[in-house]
Amino acid sequence: MADGKPEKKAKKEKPKEPDITFYHPDILEAPEDGSPPYLKGYRCTSCSRLDFPKLTRCPSCWGEEFEMVPLSRTGTLYASTELFLGQPDMTYPMTLGFVDLPENLRVFAQLEGEGGSFQCSDAMVLTLGIIRNNRDGLPITSYKFKKADS
């Protein structure tokens, strides 16, 4: 209190946590043994309904317990579109689409490949890829789909 005012204590800065570089481990598994990646479906233990991604409650029976089920890595393109601008730290143009899996689930994902080259009913396969950069400027890896024949 040199000038009659109480001294302000210096605020301790909390060290900045690094941002994620792998997107949602609860929806995607990328085995470290080199096995192919797969999406994680969740089956309600009460009524057996299968959903992706995991829900907090089953929309059929309101159950709250689920078992993880590896989903098929292949599917059929239902629809796609191209984006030419959007949020920062993403690369444009970008192709997005819905892929129908054999488990009767429709998954929304970025598509890997040349824009304009996708057709409805294309055979698709799950892959890993960079979906955007995090707030630290590092790439975030997640699931994408690409044409099965590419």
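A search of the whole structure finds zero disulfides, a disulfide being a pair of cysteine sulfur atoms within 2.5 Å. The structure is a predicted model, in which local features need pLDDT of at least 70 and side-chain atom pairs count only at pLDDT 80 or more, whereas totals for chains, interfaces and linings use all residues. Residues are numbered from 1 along each chain as its sequence is written, and side-chain values use heavy atoms, with hydrogens and water left out.

## Cysteines

Which cysteine sulfur is closest to that of Cys44? The closest is in Cys61, at 3.5 Å, and this separation is too far for a bond. Cys47 is likewise in no disulfide, and its nearest cysteine sulfur, that of Cys58, is 3.5 Å away. A disulfide is a covalent bond between the sulfur atoms of two cysteines.

Accessibility is described here by relative accessible area: buried means under 20%, exposed over 50%, and partly exposed in between, with a 1.4 Å probe and protein chains only. Cys44 is buried, at 2% relative accessibility, whereas Cys47 is partly exposed, with a relative accessible area of 33%.

## Aromatic pairs and charges over rings

Rings of Phe, Tyr and Trp (its six-membered ring) pair if their centres lie within 6.5 Å; planes under 30 degrees apart count as stacked, over 60 as edge-to-face and the rest as tilted. The count by this rule is two aromatic pairs.

| Pair | Centre to centre | Angle between planes | Class |
|---|---|---|---|
| Phe52 and Tyr143 | 6.0 Å | 80° | edge-to-face |
| Phe98 and Phe108 | 5.0 Å | 50° | tilted |

Strands, as well as helices, are DSSP runs numbered from the N terminus (helices H or I, at least four residues; strands E, at least two). Phe52 lies in the loop between strand 3 (50-51) and strand 4, and Tyr143 lies in strand 9 (residues 139-147), so their pair ties together parts that are 91 residues apart in sequence. Both Phe52 and Tyr143 are buried.

Phe98 belongs to strand 6 (residues 94-101) and Phe108 to strand 7 (residues 105-112), so this pair ties together parts that are ten residues apart in sequence. Phe98 is partly exposed, with a relative accessible area of 35%, and Phe108 is also partly exposed, at 44% relative accessibility.

A charge sits over a ring if NZ of Lys or CZ of Arg is within 6 Å of the ring centre and within 35 degrees of the ring normal. The charged end of Arg106 sits over the ring of Tyr78, 3.4 Å from its centre. The charged end of Lys147 sits over the ring of Phe118, 5.6 Å from its centre.

## Strand pairing

Two strands pair if DSSP finds at least two bridges between them. Strand 9 runs antiparallel to strand 8 (residues 123-133), and nine bridges join them; Thr127 stands opposite Lys144 in strand 9. The hairpin of strand 8 and strand 9 has five residues between the strands, and there Gly137 takes a positive phi near 85°. Strand 7 and strand 9 pair in the parallel sense over three bridges, and the bridge partner of Leu111 in strand 9 is Phe145.

## Surroundings of Glu67

Glu67 lies in strand 4 (residues 66-70) and is partly exposed, with a relative accessible area of 42%. Leaving aside neighbours within four places in sequence, Glu67 is in contact with Gly41, Tyr42, Arg43 and Thr45, where contact means heavy atoms within 4.5 Å. Glu67 and Ser48 are 19 residues apart in sequence and 9.3 Å apart in space, C-alpha to C-alpha.
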